[in-house]
Every structure is written in C-alpha cells, then in structure tokens.
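Visitor: I've never looked at this one before. Could you walk me through a few spots?
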Amino acid sequence: MAASMASQAAARGLRTSTSKHILLDKLKCTWLSPRRWLNLQEYQSKKLMQESGVAVQRFYVADTASEALDAAKRLNRQTHGGIQDAKEIVLKAQILAGGRGKGVFDSGLKGGVHLTKDPAVVGELANKMLGYNLTTKQTPKDGVKVKTVMVAEALDISRETYFAILMDRSCNGPVMVGSPQGGMDIEEVAASTPELIFKEVIDIFQGVQDDQALRMAANLGFKGPLQRQAADQIKRLYDLFLKVDATQVEVNPLGETPEGQVVCFDAKINFDDNAEFRQKAVFAMDDMTESDPTETEAAKWDLKYIGLDGNIACFVNGAGLAMATCDIIDLHGGKPANFLDLGGGVKERQVYEAFKLLTADPKVEAILVNIFGGIVNCAIIANGITKACRELELKVPLVVRLEGQG
C-alpha cells in the first residue's frame, strides 16, 4: 500500500524515472534527475539537435493552417541545393503529452499524427488540429489545446536502433547506452535480452573517442560506411549533451534509411536545472502552458508540488520524507491531497506561499506539517506557519510536527 502511494506521486511528476531506474539497474548504474522537468516540444528538441549538426528530418513549424500548407509545399518541391522533394509528409500536433497518434480532437479529427503525399491535405488536417483540444491517454480529460504543428519530411526506416547519453553517478560522469533493438521500450529489451544492451563510459576530460564511437556504432549493427556515419552522429550527440548541460539525450529510434542515411528520428532531452543561469536561451523555450497552474506557481517559489486526489494536505521537507508521509496517511486510511516538498534552505516567505497553495485547494480538509530540522531551521517554519494562519484565516484543522533544530 505504501509503495502504491509513492509510485502514484512519482508517476505524477516526481523527479525520478521508474523506467530509467529499471534499465540502469540492469546496467549497474544510478540515474540522476534534475530538480524539475524542462518541458520542450518535439520541434524544439529537433531544432537543438539540428543546430549541433545532428541529422534530423527536414521540418517546419506552423501556427496556422496556411503556414502548414506552405511548409508542405516547400518540402514537396526540389530545392536549388539538390535536396529531393519529400515523397511523403508527416503532420504532427505539438503537445507535451504522449500518445498523440491515437488521440482524438474535439473537432472530430482522429489522430494527432498524420501521413500524406498531398500538400493540400496537410492544410486541411492542420485546420482541424490548430485551436482544438487533443485528448490522449496522458492528457487531462478535456485534452490540451494545440497551438502549433510540425510539418516534416517522412522518411522510410529500414532499421531502428536505440542510443542514449546520460549521467551516471557510479561512473562519475556520462555514459553511452545503446542497443540494436530500437523503436520499442528499451526497458523491455533490458529485461528480456540484456545482452543486447551496450554501455560505454565517457571520460569527461577527453570526451567520446573515435574508437568508442565506432565500437558503439558496430554494436548498434551499423556496417560499412554507415558505421562511420553513425559514429559521427554519436559524437555530435555528445557535443549537444555538453553544449546544453543535458542530463540525458535519448534517441529512439536512431534509424537507418534505405538510401543509406543515419537519422535521429525521435529524441528526448532532459536538462540540468542547476545550469539555467548559463542556458538562458534553452530555458526560455520552456513551455509551461500545459503544466498544472498550481505546480507552475509552486515552481516560482522553488517548491516541489504535485497535486493528488485526497483531502489531507502534506507540508514536508525532503522528497523521501514527503513520500513517506504520503504513505503513512494512506496506511491509516487517509488520502493525501498533494506532495509538497519544501527542500532545504527554505525562507519564511516560501512557507507562507506554500500555505496559500494548500488552502486554495477546495479538496483540502486538513493540513499535516511534518518537518525534519536537519536540513531546515524549524524556527523559520514556525514563523511562516503562524504568519499564514493569521493572514490567511486558516479554517481547516492543522497538525504540526517539527523535529530538530536545523
């Protein structure tokens, strides 16, 4: 029961990744996660890759149906640079939630991803996507409004592989992880055929060496000239990893086309939020429009908040203690209304703002404060609580446990 509550909180956005833990357990690694997710749309990640010389499909971004039609026409005609026209075009609704292909629009259109050879159809489809809500298994029940679409060249894939670069504490730096079995859940591959998972530790001072990149390319199944091409893409991906202060660059699939190209078809990039001060251009792309408003407000005060469906609000410091508090409530028949982690070094104003967030939730019928003074000064918490109780006119029961001096 306790584990179920921790899992629920983690699934709702805790800065851990269960699937990555499974994979890295197989690899004897430890996954490091940022404080919170930086949310980038697919086209934004592709643009970052493109700027680092990584091979991606040709694509354009459109905010209107006419722009989408123009983009499709540009892809569909030969350019002066000798690039052949796109044989097929893929139109993708840009939202952060997964499962777009099987989603449904409130315009009646089914599917947030469509393939066509006719540019005119792109304009018609975009007209039924833009400004309408797309509902998938990962969106709220009312869906998410689509404001942007990506119009891209559709390429045939003759073979799919998996490749990622991620931080590994046990190796004191980044590692490359790859498998010739791409285009599917890498966790399944790790569980069923662990011998098909390959790992290369990267020397943080020397970077990815030519022999490492070629060896990984060979392990991924690339042969002949494609091996050298794949190795080049691997080195460029590492350059991107360093350039943007990433904690993970995951490409699935890293594909091979019938024409003999190695292309990064889909990628996920996670960033180190501690590097925000020197990655201002990247963090300026953060798309908060799909985030929960309460979670967005909490992030402004450096609070880690995740809404749950119970009626007992939790006010805790430290992610581990916060999850344990949620589990204790559940164990005794209650239901936590949220996960709220103050962290260490909290100020009185943050305590006050945290109470504002908790009391604004109409589901909350009681508040439980559980603070360990080892990483925070309990006097600050106490002052913040009394100020909040006076000024917010608290009307629900409040239970406070402060342990330690800070």
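This is a predicted model: local features need pLDDT of at least 70, side-chain atom pairs count only at pLDDT 80 or more; totals for chains, interfaces and linings use all residues.

Visitor: Let's start with strand E8, residues 159–168. How many of its 10 residues are buried?
Guide: Buried here means under 20% relative accessible area. By that cut-off strand E8 is mostly covered. The count of buried residues in E8 is 7.

Visitor: Which residue in strand E11 is the bridge partner of Ala164?
Guide: E11 covers residues 246–256, and E8 pairs with E11 in the antiparallel sense over 7 bridges. Look across from Ala164 into E11, and the bridge partner is Glu250.

Visitor: Is Asn172 buried or exposed?
Guide: Asn172 sits in the loop between E8 and E9. It isn't a glycine, yet its phi is positive, about 55°. Exposed means over 50% relative accessible area. Asn172 has 69%, so it counts as exposed.

Visitor: What is the relative accessible area of Asp302?
Guide: Asp302 is another non-glycine with a positive phi, about 60°. Its place is the loop between helix H10 (293–300) and strand E14 (304–307). Asp302 is partly exposed, and its relative accessible area is 38%.

Visitor: What is omega for the peptide bond from Asn252 to Pro253?
Guide: Most peptide bonds are trans. Pro253 lies in strand E11. The bond from Asn252 to Pro253 is cis, with omega near 10°.

Terms used:
Residues are numbered from 1 along each chain as its sequence is written. Side-chain values use heavy atoms; hydrogens and water are left out. Buried means under 20% relative accessible area, exposed over 50%, partly exposed in between (1.4 Å probe, protein chains only). Helices (H or I, at least four residues) and strands (E, at least two) are DSSP runs, numbered from the N terminus. Two strands pair if DSSP finds at least two bridges between them.
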